[in-house]
Amino acid sequence: MLVASCDPDDVTRTFREVRNVRVSAAQSGAETVLFRPPALTDGERAVLLTELYRRGTAWKLRAIGQGYADGLAGLATDFGIEVAEADDAPAARGVPAAPEGVPAAPEPGRTPATGPAPASAPVRPSLVKPPLGRISLDKGSQVSLSMDKGDRDLVVTVALEWDGGSDRRRQKGADLDLYALFVPAGKALRGALEPGSLVKSGHSPQGRPVLPGGEPAPGKGNGKKKGGQADVVYYRQLGSLTERPHIRLDGDSRVPGREAVRIVRPDEQGYVLLCAYSAVSNGFGSFRSFGAKVVVDDGRGSTVTVPLYENTKTRYWVAIALVDFTSADGAAIHHIEAYSARMTERRPVLHPDGTIEMNAGPVEFKRR
């Protein structure tokens with residue numbers, strides 16, 4: 001959505017004063033599209049100009065030009081976004097509030113009886129959507145967590161949980177390991193494929209850097225093709241919260257239970273792929289038979305469960321979920337559930353464009 005708004009702190013401003021608004025959309029090899037919204041003369045303080053959306057494999061552009069007299073706050077509310085009210089009006093204008101029970105002193109040269117009523121305090125929009133509550137993803141689906149990426153207190157916890165499935169399964173072995181493969185924001189690319197797409201051997205990540213000044217698209221043979229230099233947090237490389245990568249694994253559980261990584265500094269994160277590894281000593285049971293699932297919790301009222309649906313045996317790796325921190329909404333959680341080939345120990349590879357290549361990473365055995 002492309003939106004224009006008057007200064008929220010100045011309630012006297014409206015779009016009546018604005019002339020010759022024009023929106024243009026240019027695409028290489030095509031004629032430029034122009035849109036001039038109608039004149040807004042009824043006190044509108046915000047306007048929804050255009051909408052860009054995906055329909056199948058094509059992008060669509062819709063001209064709208066809808067005005068809102070209650071400003072950006074009213075527009076945001078239409079999209080289900082909670083709008084935080086400002087503090088009381090006197091404090092918002094820098095005027096100290098009178099103590100309780102004591103009438104406020106009039107301004108010089110004005111009496112309470114004859115002075116004009118002060119303008120109401122402007123509403124300061126907080127463009128954060130309400131929390132999701134508890135939801136579970138369907139196979140292949142995705143959902144977005146709304147977040148302020150500059151929030152230094154935000155901690156996203158991603159856990160691999162498993163109960164072993166059954167007594168028989170637990171007796172055979174149920175040691176799963178959580179791997180968090182990651183691409184920092186400074187290395188992340190926006191490519192032609194949607195993040196979370198599965199690619200085959202030979203894929204060369206291409207795209208523009210997510211961050212201004214980020215690393216350009218790597219060429220072939222950059223040393224990461226087989227995952228030898230992959231960025232990963234797991235039981236032998238726990239990571240850190242106080243320095244990069246700002247991702248840390250809490251520990252290694254060798255019995256049914258829970259392993260969790262905590263992720264902070266979302267502004268420095270690009271893509272994080274959550275994978276599970278089943279030690280060879282566990283035998284050939286499917287990940288689903290272990291009762292395995294990934295649970296993402298933002299600590300702000302949103303908990304997203306990413307379950308497994310397939311009973312695939314003789315597979316030692318599964319890529320379960322991708323958390324895309326490059327999403328404009330905050331962080332998009334994709335249900336992946338992609339398995340390694342039969343009997344292979346090569347772990348998945350997460351490319352800089354957020355695509356996933358199975359059976360391409362290094363081999364690393366873990367035995368009891």
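1. Let's begin with the lining of the largest pocket. In this predicted model, strand β4 supplies the largest share of that lining, namely 5 residues. You can find β4 at residues 46-55. Other elements that give two or more residues to the lining are β1 (2-5), β2 (23-25), β5 (58-68), α1 (71-78), β7 (142-146), β10 (189-190) and β20 (330-339).

2. How big is the volume of this largest pocket? The value is about 1600 Å³. A total of 48 residues line the largest pocket, and those closest to its centre are Met1, Leu52, Trp59, Ala328 and Asp329.

3. What kinds of residues make up the lining of the largest pocket? Sorted by class, the lining holds 26 nonpolar, 10 polar and 12 charged residues.

4. Next, please look at the sheet. It is an open sheet of 6 strands, and reading across it gives the order β7-β20-β19-β16-β9-β12, with antiparallel pairing. Strands β7 and β12 (232-233) are at the edges; each has a single partner strand, so one side of each has no neighbour in the sheet. As a reminder, strands of a sheet pair through backbone hydrogen bonds, and the pairing can be parallel or antiparallel.

5. Strand β19, which covers residues 317-324, pairs with β20 in the antiparallel sense, and 6 bridges join the two. Within this region, Ala321 has His335 of β20 standing opposite. Two of the strands mentioned here also return us to the pocket: β7 and β20 each give two or more residues to its lining.

6. Is Val155 buried, partly exposed or exposed? Its relative accessibility is 32%, so Val155 counts as partly exposed, since that class lies between the 20% and 50% limits.

7. Which residues does Val155 touch, once neighbours within four places in sequence are left aside? Its contacts are Arg262, Ile263, Val264, Asp297, Asp298 and Gly299. Take Asp298 as an example: Val155 and Asp298 are 143 residues apart along the chain, yet 6.2 Å separates their C-alpha atoms.

8. A last point concerns cysteines. Cys6 has 9% relative accessibility and therefore counts as buried, and Cys275, at 0%, counts as buried as well. The cut-off for buried is under 20%. How many disulfides are there? The count is 0, with a disulfide taken as a pair of cysteine sulfur atoms within 2.5 Å.

Technical notes. Residues are numbered from 1 along each chain as its sequence is written. This is a predicted model: local features need pLDDT of at least 70, side-chain atom pairs count only at pLDDT 80 or more; totals for chains, interfaces and linings use all residues. Side-chain values use heavy atoms; hydrogens and water are left out. On a 1 Å grid over the protein atoms alone, a cavity is a set of points where a 1.4 Å probe fits but cannot get out, and a pocket is an open set with protein on both sides within 12 Å along at least five of seven lines; lining residues have an atom within 4 Å of a point. Grid points are joined across faces, edges and corners, and a volume is the space filled by probe spheres set on the points. Helices (H or I, at least four residues) and strands (E, at least two) are DSSP runs, numbered from the N terminus. Ala, Val, Leu, Ile, Met, Phe, Trp, Tyr, Cys and Pro count as nonpolar, Asp, Glu, Lys and Arg as charged, and the others, Gly among them, as polar. Two strands pair if DSSP finds at least two bridges between them. Buried means under 20% relative accessible area, exposed over 50%, partly exposed in between (1.4 Å probe, protein chains only). Contact means heavy atoms within 4.5 Å.
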